[in-house]
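Please follow this walk through the structure, which starts with a pair of helices, moves on to the ligand and ends with the backbone.

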Amino acid sequence: MKQVLVEPKEVKKEKMEEPKEVKVEEPKEDQKEVGLSDLPGVGAATIDKLQESGYTGVMSIAVATPGELVEVAGVTESAARKMINAARDSMSMGFESGADLLIKRQTVKKITTGSKAFDELMSGGFETAAITECYGEFGSGKTQVGHLLAVNAQKVFPGSTVVYVDTENTFRPERIIEFAKGAGMDSNKVLANIKVARAYNTDHQMLMTEKVEDLVSKEGANIKVLIIDSLTAHFRAEFIGRGTLAERQQKLNKHMHTLLKLADTHNLCVYVTNQVMSKPDVFFGDPTQAIGGHIVAHASTFRLYLRKGKKGSRVAKLVDAPNLPDGECNFFVTTEGLKDV
Ligand code: GTP
Ligand code: MG
């Protein structure tokens, strides 16, 4: 992952005599060439530490806080500030105009759920170019929603591939067949387009996500939906006890970065599920809290909280979304799909 060093400012000087305004249309790869090693005071050892914690590019440094870098790279606070400032300076070419972003937004597609109320809550469905995190207690329906998205993805992207990373051995092809039939789709075709990967531990899980990145960017695979069910189960199992929390969060941070990059650069719909734990010190209100803490919460674009409702229904609560109001809806998980109450 060592990157080639370039001095962008030198190049600029040479081009100074050109009178006309040159529109910057070079592909984004140009920016990628400014690597971590171009930042002041960043040597090989620091790069290793940064990369291990998920700070793989200049962008991640530009958006970091000095405190974070002090913690993960063991540099002084003033060194961290210098790194961040240099990263921000080098990123100045990376700004996209609001108009460009609007065009990008128009490429966002939405995958419907089959429940009108749920679709309305999500303003049309689960978005591409975003991570949607769904947390809730056991049996709340997180896995069912994952299966449903895997099926309905074929409505929006016929022939595309859905990657389903299954960490808890809960993927059931039978459920896919039922949902596909419920949606009036060819269940064999739907099943054929879902690639299931069993992940046995956090390293394996992360490797698979990186593999997806490779498949999409290097081999041009037509992957549009990535499901990780469950995102946090292995992390929870492998890092036990308070002393390991920082390490776990660093690793999870790295994982979330890979997912974010996939969603953002390749317009993928990323759906991740997350368990909850009970907070014993909460006496009023809901004591459940999502695993993964603020690392997962901040990296997710949409956050849904699922819980069991009345008469076997399920309640989905939108707790965080960049452009949608918070709200709730009720639906039923049935054999054929999600149905309105
Ligand atoms: P954990 O992974 O254990 O945290 O739970 P989860 O949130 O993933 O729950 P999951 O999506 O597995 O939901 C399981 C629930 O979905 C069951 O308790 C049933 O209520 C419902 N369900 C699953 N399959 C069917 C089915 O074929 N028909 C109907 N009607 N409901 C089903
Ligand atoms: Mg599940």
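In the contact of two helices, T46, K49 and L50 in α3 meet L69, V72 and A73 in α5, where contact means heavy atoms within 4.5 Å and where helices (H or I, at least four residues) and strands (E, at least two) are DSSP runs, numbered from the N terminus. The residues of this contact divide into 4 nonpolar, 1 polar and 1 charged; Ala, Val, Leu, Ile, Met, Phe, Trp, Tyr, Cys and Pro count as nonpolar, Asp, Glu, Lys and Arg as charged, and the others, Gly among them, as polar.

This is a predicted model, in which local features need pLDDT of at least 70 and side-chain atom pairs count only at pLDDT 80 or more, whereas totals for chains, interfaces and linings use all residues. Residues are numbered from 1 along each chain as its sequence is written, chains are lettered from A and ligands numbered from 1 in the order in which they are written, and side-chain values use heavy atoms, with hydrogens and water left out.

Two packed helices are described by the angle between their axes and the distance between the axes. For α3 (residues 44–52) and α5 (residues 66–73), the axes come within 9 Å and cross at roughly 110°, the axes being lines fitted to C-alpha atoms over the stretch in contact, with angles running from 0 to 180 degrees between N-to-C directions. The two helices α3 and α5 are therefore roughly perpendicular to each other, a term that covers 65 to 115 degrees.

Around ligand 1 there are 15 residues, of which G139, K142, T143, Q144 and R175 come nearest; a residue is near if one of its heavy atoms lies within 4 Å. By class, this shell has 2 nonpolar, 7 polar and 6 charged residues, and its largest share, 3 residues, comes from α9. Among the polar contacts (pairs of N or O atoms within 3.5 Å), an oxygen atom of ligand 1 is 2.8 Å from a polar backbone atom of G139, and an oxygen atom of the ligand is 2.9 Å from a polar backbone atom of Q144.

Turning to the backbone, a cis peptide bond joins D229 and S230, with omega about 0°, and S230 is found in the loop between β6 (223–229) and α13 (233–238).

Definitions and conventions: A polar contact is a pair of N or O atoms within 3.5 Å; within protein, one must be able to donate a hydrogen and the other to accept it, and residues adjacent in sequence count only if both atoms are side-chain atoms. Angles under 35 degrees count as roughly parallel, over 145 as roughly antiparallel, 65 to 115 as roughly perpendicular and the rest as oblique.
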